[in-house]
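Q: I have a structure open and would like to go through its side-chain contacts with you. Could we start with the charged ones?

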Amino acid sequence: MPRLFTALEIPRNAAMSLSLLRGGLPGARWIDVENYHITLRFIGDIDGRTADEVVDRLDRIDREEFQINLTGMGSFGSKKPHSLWAGVSPSPEMVALQAEIERICQRLGLPPDPRKFTPHVTLARLRNSRLDDVVHYLSGRGDFRTSQFTVGRFVLMSSKESVGGGPYIVEEAFPLYESRSAGVYADAGLLPEKSLF
């Protein structure tokens, strides 16, 4: 069984902006553009029956789409950096979605995720990159920011057993519904009527 995780996809224009950050750091193994994503919950290797239960429960999630943008950069591993990432703007809707997925996983008997949810897009894995080089690389790119984009679905992805960084495959997609506020006036018949004169 492949390793499973839930994630948000990165739209093409934001992924292209991220791809411009590639290069200029010795020891970095850059993630392929088509593998950029924001992990919501790592699930891991589970049997087929549990995977079916996860899909069934995720399919019942009923939440509105929301907007985020990618902003800022950093690295994990303070003294010995092991990966570079782009940050994600704060979003209560994203945090609530992630928390619901976490509750579903725990109810199905999966162990709690030991890591605090820190939304990010991994850009590179670092092998023997010097701390000074990483600091220098980040110092010139800290103001990175993409345009806002709408998250209209979340996905269940799989990865083959590897060092990390893909390839990732979308196994299932779970749509979020359009914001109610956009359609409230039309639904209530409160749109201004056109004058006949």
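Q: Which residues are linked in a network of salt bridges?
A: In this predicted model, Arg130, Asp132 and Asp133 are linked in such a network, where a salt bridge is a side-chain nitrogen of Lys or Arg within 4 Å of a carboxyl oxygen of Asp or Glu.

Q: How is the numbering done, and what is counted?
A: Residues are numbered from 1 along each chain as its sequence is written, and side-chain values use heavy atoms, with hydrogens and water left out. Because the model is predicted, local features need pLDDT of at least 70 and side-chain atom pairs count only at pLDDT 80 or more, whereas totals for chains, interfaces and linings use all residues.

Q: Are aspartate 133 and arginine 130 buried, exposed or partly exposed?
A: Aspartate 133 is partly exposed, with a relative accessible area of 22%, and arginine 130 is also partly exposed, at 49%. Buried means under 20% relative accessible area, exposed over 50%, and partly exposed in between, using a 1.4 Å probe and protein chains only.

Q: How many salt bridges does a search of the whole structure find?
A: The search finds 9. One of them joins glutamate 53 to arginine 49, with the closest N and O atoms 2.7 Å apart, and both residues lie in helix α2 (residues 48-58), 4 residues apart, about one turn of the helix. Helices (H or I, at least four residues) and strands (E, at least two) are DSSP runs, numbered from the N terminus. Arginine 49 counts as exposed at 59% relative accessibility, while glutamate 53 is partly exposed at 29%.

Q: Moving to α4, which of its residues are buried?
A: The buried residues of helix α4 (residues 131-139) are Val134, Tyr137 and Leu138. They cover an arc of only 95° around the axis, which puts them on the same side of α4; the arc is that of the directions from the helix axis to the C-beta atoms.

Q: And what does the face turned away from the buried side carry?
A: That face of α4 carries the exposed residues Asp132, His136 and Ser139. The cover over the buried residues of α4 includes β2 (28-30), β5 (70-76), β6 (83-88) and β7 (120-126).

Q: Which residues touch the most other members of the largest nonpolar core?
A: Of its 50 residues, Leu8, Leu18, Leu70, Leu84, Leu123 and Phe154 do. A nonpolar core is a set of buried Ala, Val, Leu, Ile, Met, Phe, Trp, Tyr and Cys residues joined through side-chain atoms within 4.5 Å. Helix α3 (residues 92-107) gives the largest share of this core, 5 residues.

Q: What is leucine 123 in contact with?
A: Leaving aside neighbours within four places in sequence, its contacts (heavy atoms within 4.5 Å) include Leu18, Trp30, Met73, Leu84 and Trp85.

Q: How many aromatic pairs are there?
A: The count comes to 4 aromatic pairs; rings of Phe, Tyr and Trp (its six-membered ring) pair if their centres lie within 6.5 Å, and planes under 30 degrees apart count as stacked, over 60 as edge-to-face and the rest as tilted. Phenylalanine 5 and tyrosine 168 form an edge-to-face pair, at 5.3 Å centre to centre and 85° between the planes. Phenylalanine 5 lies in strand β1 (residues 3-9) and tyrosine 168 in strand β10 (residues 168-175), so the pair ties together parts that are 163 residues apart in sequence.
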